[in-house]
Amino acid sequence: LDPGDEVIVLAPYFVEFLAYIDNHGGRPRVVRTGPDFMPDIDAVEAAVSARTKAIVLNSPNNPSGVVYPEHLIADLSAMLSRKEKELDRELYIISDEPYRRIVFDGLKPVSVFNHYRNSIVISSHSKDLALPGERIGYAALNPAAEEHDEIMAGIIYSNRILGFVNAPALMQHAVRAVQHITVSVPDYERKRNMLYGALTEMGYEVVRPQGAFYMFPKSPVEDDVEFVHELLSLLVLVVPGQGFGSPGHFRISYCVDDRTLDNSLEGFRKAAVRYGLTR
Ligand SMILES: Cc1ncc(COP(=O)(O)O)c(C=O)c1O
């Protein structure tokens with residue numbers, strides 16, 4: 001990024017995206033998604049300016065768990081290609097996909113490379129191999145990208161200068177040998193079904209997630225921090241939506257034991273009664 005370059009980020013977003021952009025002198029341009037947390041292509045188009053360098057996509061999404069369908073990626077790509085011509089400037093899609101393999105309901109991961117030339121995929125094995133903290137993953141650059149050689153050199157160089165997060169060689173060999181393995185997706189899908197069913201029955205408004213291991217229900221009161229404190233007093237730990245750029249919601253991470261999930265239901269139920277969602 002050159003100072004003042006803009007990067008479009010869709011809210012709700014993984015909070016670190018803003019820091020990554022800021023660290024490089026860029027400016028995040030936050031665009032809200034629709035009530036179903038899907039990108040609104042017209043709203044994204046309205047945010048593209050002569051300073052736009054990239055858009056960050058994250059599907060399956062943290063915090064909403066939604067998965068963008070292929071036709072949406074295709075439409076978004078078509079719009080960006082049109083804008084590239086109009087502005088005579090490359091616009092990159094940076095697709096952050098650590099939850100790529102954690103999808104439910106028979107969905108298949110979509111490859112942004114098939115739809116858009118100037119694209120970069122970032123991944124991590126923190127989730128699909130349950131190795132958080134190991135700081136191991138990869139960046140993949142579309143071989144057809146316009147500035148391919150320059151960007152590839154940039155990726156290699158940042159890996160050198162960020163040596164303190166360089167994955168140790170031994171682990172690089174280890175994860176290469178287990179690329180065919182993923183954490184148990186049916187287990188996450190079962191947890192999603194249980195929790196989504198229980199919460200909606202209690203009266204919570206929830207967009208049904210189809211991937212990752214998060215849910216992002218609407219807070220029964222406008223002040224999501226107040227509601228998170230209320231749940232905390234009932235021994236349920238969730239995160240306020242304001243941290244993800246979407247106040248009025250809260251995020252649940254359900255990658256926990258079944259027993260922990262089962263035990264949380266009483267707290268969710270008591271809060272639902274207190275806030276008039278249910279009797
Ligand atoms: C969307 C998204 N991107 C990136 C990361 C960071 O992954 P890592 O553990 O590899 O730093 C996370 C972790 O929560 C995430 O949810």
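E6 counts as buried because its relative accessibility is 9%, where buried means under 20% relative accessible area, exposed over 50%, and partly exposed in between, with a 1.4 Å probe and protein chains only. The side chain of E6 meets that of R27 in a salt bridge with an N to O distance of 3.6 Å, a salt bridge being a side-chain nitrogen of Lys or Arg within 4 Å of a carboxyl oxygen of Asp or Glu. The pair links distant parts of the chain, 21 residues apart, with R27 in strand β2 (residues 27–32) and E6 in strand β1; strands (E, at least two residues) and helices (H or I, at least four) are DSSP runs numbered from the N terminus. R27, at 44% relative accessibility, counts as partly exposed.

## Basis of the model

This is a predicted model, in which local features need pLDDT of at least 70 and side-chain atom pairs count only at pLDDT 80 or more, while totals for chains, interfaces and linings use all residues. Residues are numbered from 1 along each chain as its sequence is written, and side-chain values use heavy atoms, with hydrogens and water left out.

## Other salt bridges

Across the whole structure, a search finds 22 salt bridges. One of them joins D5 and R89, whose closest N and O atoms are 3.4 Å apart; D5 lies in the segment before β1 (6–11) and R89 in the loop between α3 (70–87) and β4 (92–96), 84 residues apart. D5 is buried at 3% relative accessibility, whereas R89 is partly exposed at 24%.

A further salt bridge pairs E146 with R117 at 3.6 Å, N to O, linking the loop between β6 (137–141) and α5 to the loop between β4 and β5 (119–124). Both partners are partly exposed, E146 with a relative accessible area of 40% and R117 with one of 46%. Salt bridges that share partners also join D2, D5, R51, K53 and R89 into one network.

## The ligand and its surroundings

The ligand is surrounded by F14, N58, N62, D96, P98, Y99, S124, S126, K127 and R135, each having a heavy atom within 4 Å of the ligand. A polar side-chain atom of D96 lies 2.5 Å from a ligand nitrogen atom, while an N or O atom in the side chain of S126 is 2.5 Å from a ligand oxygen atom. The protein covers 82% of the 400 Å² of accessible area that the ligand has on its own, as given by the Shrake-Rupley method with a 1.4 Å probe.

Terms used: A polar contact is a pair of N or O atoms within 3.5 Å; within protein, one must be able to donate a hydrogen and the other to accept it, and residues adjacent in sequence count only if both atoms are side-chain atoms.
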